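Colleague: I would like to walk through this model step by step. Please put it up first.

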Amino acid sequence: MPELPEVETMRRGILPIVGHRVLAAECPPCDRRPILMEPSIRTINRKLVGQRINGINRLGKRVLIEFENGSTIVIEPRMTGLVLLADPPTVDHLRFRLRLQGDACEEMLFWDRRGLGTLRLLTPRELEQRVGAKLGKDALVIEAEELREKLARSRRAIKVALLDQTAVAGIGNLYAAEILFVAGIDPRRRCDQLSKPQFERIVAATRAVLYEAIDHEGSTLSDGTYRNALNESGGYQNYHRVYDRADQRCIRCGIGTIRRIVQAQRSTFFCPCCQKKRRLHPQVAEIEVSPN
């Protein structure tokens with residue numbers, strides 16, 4: 001599933017369409033499972049034709065395309081959705097097209113192989129009520145004390161809690177594992193057992209890992225689904241420290257073997273040597289975690 005780094009890469013990738021005007025909004029012929037789209041494509045087209053694109057933003061794991069009339073297209077890629085300026089991976093799974101008038105791009109596409117993504121055209125009030133109000137603070141800007149206030153009373157494992165978008169927006173399964181490894185914290189540790197310094201390490205590691213992943217344009221895993229706006233692979237999968245590295249030697253301590261467990265029906269990867277339950281491993285303590 002695209003997480004914050006992948007969605008931020010999508011956002012940056014389609015920035016060239018800012019300033020363009022909409023010629024048409026279309027749903028190309030597709031005999032696959034339809035995506036959730038609100039309102040109807042006819043209504044979307046009627047409201048957007050002639051509108052200038054004022055900005056491209058991100059809210060958690062969603063791309064926001066903002067128009068001069070105040071409305072916003074909110075695209076949630078979910079499992080296999082891609083926002084593209086280049087030709088899509090396949091024609092069969094193309095779900096939405098914005099035909100554009102401008103110098104840089106002729107169209108913007110939303111492609112989704114499994115059809116689990118969503119696309120909504122919302123007013124400012126609807127955006128706040130239906131999306132913004134339901135999300136915690138963005139993972140790139142949340143402070144340690146804010147995260148601690150959200151989670152310190154929870155009895156959930158910290159790895160599971162980091163996936164809660166109402167607590168902190170943007171972190172998914174892959175990056176939660178990477179963040180906790182960098183922070184040197186056992187993913188099974190309960191939130192209410194974490195100290196203030198541990199929350200500080202989590203937030204510092206969050207920024208470090210997410211910015212590093214953004215620099216590499218996200219992670220394209222073995223299924224090859226995730227692509228950037230130009231239909232090219234991300235590169236951060238080459239820098240994963242623990243994710244999908246079960247039974248391999250830990251790259252930090254050189255002693256531990258990466259374990260895979262299941263938490264909340266999701267795979268978790270960690271080093272039992274570096275990520276101690278009760279104390280900070282000496283090799284982790286030596287690492288200065290930089291927020292970026």
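Modeller: We start with a strand pair. β7 (residues 94–101) and β8 (residues 107–112) pair in the antiparallel sense over five bridges. Strands (E, at least two residues) and helices (H or I, at least four) are DSSP runs, numbered from the N terminus. Two strands pair if DSSP finds at least two bridges between them.

Modeller: Some ground rules. This is a predicted model, where local features need pLDDT of at least 70, side-chain atom pairs count only at pLDDT 80 or more, and totals for chains, interfaces and linings use all residues. Residues are numbered from 1 along each chain as its sequence is written, and side-chain values use heavy atoms, with hydrogens and water left out.

Colleague: Which residue in β8 stands opposite Leu 98?

Modeller: Look at the β7–β8 pair, which is antiparallel. The residue in β8 facing Leu 98 is Met 108.

Colleague: Which strands stand at the edges of the sheet?

Modeller: The sheet is open, with four strands in the order β1-β7-β8-β6. Each edge strand has a single partner, so one side of it is left without a neighbour in the sheet. The edge strands are β1 (21–26) and β6 (81–84).

Colleague: How many residues apart in sequence are the parts that Glu 26 and Arg 97 tie together?

Modeller: The side chains of Glu 26 and Arg 97 meet in a salt bridge at 3.2 Å, N to O. A salt bridge is a side-chain nitrogen of Lys or Arg within 4 Å of a carboxyl oxygen of Asp or Glu. Glu 26 lies in β1 and Arg 97 in β7, so the parts they tie together are apart in sequence by 71 residues.

Colleague: Is Arg 97 buried or exposed?

Modeller: Buried means under 20% relative accessible area, exposed over 50%, and partly exposed in between (1.4 Å probe, protein chains only). Glu 26, at 24%, is partly exposed. Arg 97 has 15% relative accessibility, so Arg 97 counts as buried.

Colleague: Which helix holds both Glu 145 and Arg 148?

Modeller: Their side chains meet in a salt bridge at 3.7 Å, N to O. The two residues are three apart, about one turn of the helix. Both lie in α4 (residues 144–151).

Colleague: Why is helix α6 largely enclosed by the rest of the structure?

Modeller: Take α6 residue by residue: Leu 174, Tyr 175 and Phe 181 are among the buried ones. The helix covers residues 173–183, and it is largely enclosed because the buried count is eleven of the eleven residues.

Colleague: Which residue follows α6?

Modeller: Its phi is positive, near 70°. The residue is Gly 184.
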